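Please open the model in your viewer and keep the sequence panel beside it. The stops below can be selected one after another.

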Amino acid sequence: MSNKEHRPQRRASNFRIPFETAVKTCQKYGTLKKQGEKVKNWKTRYFALCKTNLLYYKSPEDKHFTGAINILNCPISRWTNNEIKHSLQIQTKSRTYYLAGSSEQEIDEWLLCLIEQSGYKLIVKVEDVPLAEEHKGCQCFTSIQDAIDAAKGGEKIMVYNGHYKENLWIEKPIQLCGYMTEEETKQKEEFQRIQYEEELQELKKEQAEDNENGIGSAGVGGMLVSSSLGEGNTNTYNNRNNNRTQKVEGGDPLKQFSMMGFQQVLNQIKVKQQPVGSNGKVIIENLNPDESIIVYRANGGVIQNITFQMKRAPRYENQLVDDNDNLLVSCIEMDSGALTLQNCTITSCHTGSGIITSNTSNIVLKECLITDVRDVGIWLMDRSRSTINRCKIQSVKQDSIRVIGESILHSLNRCEISGSGKYGVCLCDRSLCESIDYTSITESIGDNIHIQNEARLLRVNRCTLTKSPEFAINFCNTPNTSLSEDNLYVKLIGNKFNENKLGEVNIQHLELMGRFVKRFLKKKKLNK
């Protein structure tokens, strides 16, 4: 097979597409590392995804692309390699391409966008639902599990509107999507665009206030954040905001690209009223109440726009564990691998938790809704990792988010957590939460944020922590003596504390943890 088959646009006229021109019309662009075809070394390339063609350049000043990958109907999935982390593979007819990003979030965004543009689909629908015109050439199934079994890995499985009663076992990377009409997709994109513009104006106003007053120079509810954060911290924050503002305002796309990719900028903007959850038209319910709806063991799948609800198990009505003290089932159970959930709803989970992860698995949640859960909303255990963006968690009878073992919650950004039956966020054992930003946690029965054992919380930035009958943040932990002091400091920046009955911030072991927290709080408050 000729090497030209995977480069369908190799005509001289099309080769002369400057990178500057490509980024103006492409669906996504950025830098990735690409493995060579013959010499298996990795080189940085500048990529622009133009519909079904992934163009790559040696530098952003290039006037023509070095190569093009036609991704039409190509399986695309995560790639597991011990030496290269955060990587994916594109399987064309002539060659398999391997690309690597700098982080889990970056490669997840690329994976999602590439699969969407590839158009490779398997269709699941109930018998009486008509098939859309654009799907008439696709393979159809009446069972989601049958479609999963038929997939080779990297395919997109489109699930038509309906109520499906199944227990799914997924061991290959796929994209499982609830069907959305073209009009629904456009409405969602337009709403997001308006929200981004509104929030950008708020971000500019917030930055102006920071420049005038300093970060956290005034607090709410009696707890003041120290204004003596140091010039280094303040400048770092403001410079980061300046980069975001310059990027969205416009200008030279090459200069913008050198600072930060457009998609990364949008992910940093605070969105208060972003719609979360699915459209409620594709519902998956567990057929067997003794099993989770999904048991996931693949590396790099995506699930979008689906509602999950648990069937009630009568014998578990008044208990959280079974007769053998085993954890009850959950809507989504991850035993290993990596998964991205976007615009999904987890509801009516009467017999267990919403999401349980273990065995070093990695889950990313974007714009999801978790509500009416009997046990824990999101439970990270056994060195698993998670990133949670723009999600809403409410009416959970235990902790909304529980992190145990040596698991890591990388970030909790722009989320709303309310009505937790115990703690809003609970960090136990030697777990770590790197950052909680622009998040509202309110009306928890216990502390809004609770840290115990040798768990660590590194930053709480511009969050609203209110209406707890106990503390807004309760440090019941002790420092891990095996770590350096730089890894133990807690940054509390510009937060709002209102109507927390026992107080804003409590440090139970003041003699051990006080020096790691107090430089970000007024000393006189700690001494009282």
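Select Asn-389 and, leaving aside residues up to four places away in sequence, show what it touches, a contact being heavy atoms within 4.5 Å: the partners of Asn-389 are Gln-105, Leu-365, Lys-366, Glu-367, Ser-411, Asn-413, Arg-414 and Cys-415. Asn-389 lies in strand E25, residues 385–389, where strands (E, at least two residues) and helices (H or I, at least four) are DSSP runs numbered from the N terminus. Its relative accessibility is 10%, so Asn-389 counts as buried, a word that here means under 20% relative accessible area with a 1.4 Å probe and protein chains only, while exposed means over 50% and partly exposed lies in between.

This is a predicted model, in which local features need pLDDT of at least 70 and side-chain atom pairs count only at pLDDT 80 or more, whereas totals for chains, interfaces and linings use all residues. Residues are numbered from 1 along each chain as its sequence is written, and side-chain values use heavy atoms, with hydrogens and water left out.

Next, select helix H3, residues 104–118, which has 15 residues and reaches 21 Å from its first C-alpha to its last, close to the 21 Å expected at 1.5 Å a residue, the expected span being 1.5 Å times one less than the number of residues. Because 12 of its 15 residues are buried, H3 is largely enclosed by the rest of the structure; among the buried ones are Trp-110, Leu-111, Leu-112 and Cys-113. At the start of H3, look for a side-chain oxygen of Ser-103, which reaches to within 3.2 Å of the backbone nitrogen of Glu-106. After H3 comes Gly-119, whose phi is positive, near 75 degrees.

Now turn to the largest nonpolar core, which has 81 residues; such a core is a set of buried Ala, Val, Leu, Ile, Met, Phe, Trp, Tyr and Cys residues joined through side-chain atoms within 4.5 Å. Those with the most contacts inside this core are Phe-308, Leu-341, Leu-365, Ile-401 and Ile-473. Apart from it lies another core, of 21 residues, including Ile-69 and Val-302.

Finally, display the open sheet of 7 strands, which run in the order E4-E3-E2-E1-E7-E6-E5 with antiparallel pairing, two strands being paired if DSSP finds at least two bridges between them. The edge strands, E4 (67–70) and E5 (76–79), each pair on one side only. Within the sheet, E1 (residues 28–35) and E7 (residues 96–100) pair in the antiparallel sense over 2 bridges, and the bridge partner of Lys-34 in E7 is Leu-99.

Definitions and conventions: A polar contact is a pair of N or O atoms within 3.5 Å; within protein, one must be able to donate a hydrogen and the other to accept it, and residues adjacent in sequence count only if both atoms are side-chain atoms.
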